[in-house]
Amino acid sequence: MYAFAKDKKGKNNYTKADFSNNATWPIYTTDLKDVPSNLDKTLFGTIKVQDKVQLTYKGWPLYYFGPDNNLRGSTKGVSVPTPGVWPIVQKDSPVAPE
């Protein structure tokens, strides 16, 4: 999962209203039922993006990178367009800014 560096806590600043950029950086939509035991479930949440529900972690809206092709462990998005724009969200990631 990735975060967009320009997002804010609970605010998706990337996805266009018509979802025209959702193919490359799709919002992560899922029903959160279980999380790995080493993660605090209370740090997850959801926000509304148009008519869709996007999962958040520590306030960061979550995305995946389309070209990763949902291959577990693929992280090609970290260098698009330059490193730091799309960081991988991890357990020790900071809380999203307000």
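Predicted model: local features only at pLDDT ≥ 70, side-chain atom pairs only at ≥ 80, totals over all residues.
Residues are numbered from 1 along each chain as its sequence is written, and side-chain values use heavy atoms, with hydrogens and water left out.

Phe19, found in the segment before β1 (44–49), has a positive phi of about 60° although it is not a glycine. Phe19 has a relative accessible area of 16%, so it counts as buried (under 20% relative accessible area; exposed is over 50% and partly exposed in between, with a 1.4 Å probe and protein chains only). Gln50, in the loop between β1 and β2, isn't a glycine either, and its phi is positive too, near 55°. Gln50 is partly exposed, though, with a relative accessible area of 46%.

Over in strand β2 (residues 52–57) lies Thr56. Its relative accessibility is 6%, so Thr56 counts as buried. Setting aside neighbours within four places in sequence, Thr56 is in contact (heavy atoms within 4.5 Å) with Leu43, Phe44, Gly45, Thr46, Ile47, Pro61 and Leu62.

Phe19 and Ile47 turn up again in the largest nonpolar core, which has eleven residues, including Trp25, Ile27 and Trp86. Such a core is a set of buried Ala, Val, Leu, Ile, Met, Phe, Trp, Tyr and Cys residues joined through side-chain atoms within 4.5 Å. Apart from it lies another core, of eight residues, among them Leu55, Leu62, Val89 and Ala96. Not counting residues up to four places away in sequence, Ile27 touches Phe19, Val49 and Tyr63, among others.

Finally, there's the largest pocket, with a volume of about 760 Å³. On a 1 Å grid over the protein atoms alone, a pocket is an open set of points with protein on both sides within 12 Å along at least five of seven lines, and lining residues have an atom within 4 Å of a point. The volume is the space filled by probe spheres set on the points. Of the 26 lining residues, Met1, Tyr2, Tyr28, Ile88 and Val89 lie nearest the centre of the pocket. The lining divides into 16 nonpolar, six polar and four charged residues.

Technical notes:
Helix = DSSP H or I, 4+ residues; strand = E, 2+ residues; numbered from the N terminus. 1 Å grid on protein atoms, 1.4 Å probe; cavity = no way out; pocket = protein on both sides within 12 Å on 5 of 7 lines; lining within 4 Å. Nonpolar A, V, L, I, M, F, W, Y, C, P; charged D, E, K, R; others polar.
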